[in-house]
Amino acid sequence: MLLTPQGASRSLAAVFTPIKSRGLVDEVCGRIEQAVETGLPNETELAAALGVSAVTAREALAQLRTAGIIRTARGRSGGSFIADDVLPSRERALDQLRELTRLQISDLGLHYQAIAAACAGVAARRSDAADMATLRYFIPTAEEDPLHWRLALSEFLLEVAAIARSARLARELIRLQADLGTLTLLPCTDSGYRGRTTGLLKEVADAIGAHQQAAAEAAVKALVAATTDWLLTEQSKRY
Amino acid sequence: MAETTASRDTTTLHARDLDAAITGIEDRLAAWAADTGTALAALSGKVTGTAVDKLIRPVVEDLVRTPDGYVAGAGFLANAGLLGPERSYIAWWQGQELEHVDALANFSPNSISRHVKSEWFRIPVETGQAHVTGPYVDFLCTDEYVLTFTHPVFCRADGPVVGIVGMDVTVQRLERGAMPALRRIGERATLVNPDGRAIVSAAPDIAAGDLAAAAEGCSVHPVGRTFRIWSGATAL
């Protein structure tokens with residue numbers, strides 16, 4: 001089903017497809033954790049939606065409660081809610097950054113660049129006017145808040161993949177964005193990064209719109225490098 | 001591209017097979033929309049999510065399990081007003097295993113808005129006409145390159161659109177059905193959508209998703225309501 005610029009996050013939608021097998025409780029926990037940006041349905045609704053038994057859903061919710069990821073309120077306006085301190089935050093992102101080595105960050109950056117550049121190159125060949133209107137919609141202004149920025153950047157690149165019309169490249173991009181996790185929130189808290197990135201996003205869009213393959217690839221690589229460089233600079237402050 | 005009258009006739013014959021396949025999908029969808037409207041009207045205002053699921057799922061099961069069928073997934077999306085004011089509802093399944101698609105969206109207004117604002121829902125609701133979206137990469141369901149055929153559902157002939165029924169057809173499945181006919185029509189024969197975007201092409205330099213143009217003097221054959229076969233196409 002097609003997404004629109006006005007719709008909510010696409011990567012989040014992947015969370016809500018039913019589960020195959022493999023460690024059901026763990027899988028349900030994973031899905032719920034990924035769904036932090038929305039509210040949670042109750043046990044029965046969750047069980048029906050994910051196609052698992054109510055017992056499995058209850059066990060997964062209990063596991064997450066123990067881990068402090070959700071809290072449950074009783075009473076008329078009760079239900080399960082994501083605990084405030086697990087929403088994407090600067091602190092959690094910094095924790096994630098501390099666990100990574102420079103080698104891991106730069107290698108992840110290279111992989112991300114390769115996939116994003118491949119998407120941008122093909123997108124430059126296949127773009128039409130409607131594609132461009134959608135893509136430009138995702139370019140945020142420097143004033144928007146960091147959480148919005150992180151989402152807009154990820155959606156912008158997914159839209160580049162959508163314009164390329166390659167299912168494999170799109171899937172790979174979604175996987176890479178999941179690997180990056182909340183890390184990408186960190187540079188978005190820096191207004192200097194936001195300013196530089198706005199310019200790069202426009203460059204990528206212009207090149208794709210003008211069917212300039214090499215320019216689109218170069219601009220999208222610079223966009224990914226801006227993020228990787230920021231993270232490496234931040235990471236070096238540990239030492 | 002000069003063609004004799006005889007070869008044009010043969011071309012028309014092969015194009016007709018493909019036209020029949022696509023028209024078959026569109027007719028089946030229109031019939032399903034009519035049946036769904038009648039069944040929803042019979043519920044006389046007491047429409048619940050469970051009732052919609054009961055109505056839609058057996059049809060989807062039939063569609064996706066049809067041997068050599070084209071349908072990878074199908075379902076229904078309610079317009080605001082059917083189950084409640086400002087409320088939508090999605091009943092969509094895909095694949096042989098009948099995976100329930102994005103069912104959690106029914107508990108989250110933010111998630112359902114994704115579907116309600118999409119082309120495959122918005123256009124049939126606004127125009128009251130059938131619509132084909134794509135081909136596009138379907139991030140929500142199949143993660144495949146697909147076409148989504150949608151049709152508005154009415155409970156009364158003069159009433160509002162109460163929802164849409166739709167079918168997802170993967171380009172891969174369509175390719176298997178279309179290639180024999182395209183090959184016989186010509187080595188650069190191409191099936192395109194109304195934007196001139198290739199869905200399946202016999203030409204090696206035109207991939208699904210590429211924009212193409214009709215070669216000078218080539219014959220054009222309608223396929224279904226909106227697609228065309230160009231007996232010869234060039235890559236843009």
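This is a predicted model: local features need pLDDT of at least 70, side-chain atom pairs count only at pLDDT 80 or more; totals for chains, interfaces and linings use all residues.
Q: How many bridges join β7(B) to β8(B)?
A: Residues are numbered from 1 along each chain as its sequence is written, while chains are lettered from A and ligands numbered from 1 in the order in which they are written. Strands (E, at least two residues) and helices (H or I, at least four) are DSSP runs numbered from the N terminus, and two strands pair if DSSP finds at least two bridges between them. Here β7(B) and β8(B) run antiparallel, and the bridges joining them number 3.

Q: Which helix packs on the sheet and touches β7, β8 and β11 of chain B?
A: Start with the strands: L191(B) stands opposite V200(B) in β8(B). The helix we want has a direction about 55° from that of β8(B), with axes fitted as lines to C-alpha atoms (for helices over the stretch in contact) and angles running from 0 to 180 degrees between N-to-C directions. Touching here means contact, that is, C-beta atoms placed from the backbone that lie within 7 Å. Residues 171-185 of chain B form this helix, α5.

Q: What is the average twist from one strand to the next in the open sheet of 4 strands?
A: The strand order is β8-β7-β11-β10 in chain B, with antiparallel pairing. From one strand to the next, the twist averages 25°.

Q: Which strands stand at the edges of the open sheet of 6 strands in chain B?
A: Strands of a sheet pair through backbone hydrogen bonds, either parallel or antiparallel. In this sheet the pairing is antiparallel and the order is β3-β2-β1-β6-β5-β4. Each edge strand has a single partner, so one side of each is left without a neighbour in the sheet; these strands are β3 (99-100) and β4 (131-137).

Q: Which helix of chain B packs on the sheet with its direction about 160° from that of β1(B)?
A: Begin with β1 (residues 71-78), which 7 bridges join to the antiparallel β6 (residues 161-170) in chain B. Along that pair, G75(B) stands opposite G166(B). Packing on the sheet, and touching β1, β2 (89-94) and β6 of chain B, is the helix of residues 49-64, α2.

Q: Which strand of chain B holds P135(B)?
A: Most residues other than glycine have a negative phi, and most peptide bonds are trans. The bond from G134(B) to P135(B) is cis, with omega near 10°. P135(B) lies in β4.

Q: In which loop of chain A does R165(A) lie?
A: This one is about phi: R165(A) isn't a glycine, and its phi is positive, near 60°. You'll find R165(A) in the loop between α8 and α9 (167-180).

Q: How is α7(A) oriented relative to α8(A)?
A: The axes of α7 (residues 129-137) and α8 of chain A come within 9 Å and cross at roughly 170°. Angles under 35 degrees count as roughly parallel, 65 to 115 as roughly perpendicular, over 145 as roughly antiparallel and the rest as oblique. That makes α7(A), relative to α8(A), roughly antiparallel.

Q: Which element of chain B has the lowest mean pLDDT?
A: Chain B as a whole has a mean pLDDT of 89, with 93% of its residues at 70 or more. Among its elements, strand β7 (residues 190-192) has the highest mean, 97. The lowest mean, 73, belongs to residues 109-116, helix α3.

Q: What ipTM does the predictor give the complex?
A: Chain A averages a pLDDT of 82, and 76% of its residues score at least 70. For the complex, the predictor gives a pTM of 0.77 and an ipTM of 0.76.

Key
pLDDT is the predictor's confidence in each residue, from 0 to 100. Two residues are in contact if their C-beta atoms, placed from the backbone, lie within 7 Å.
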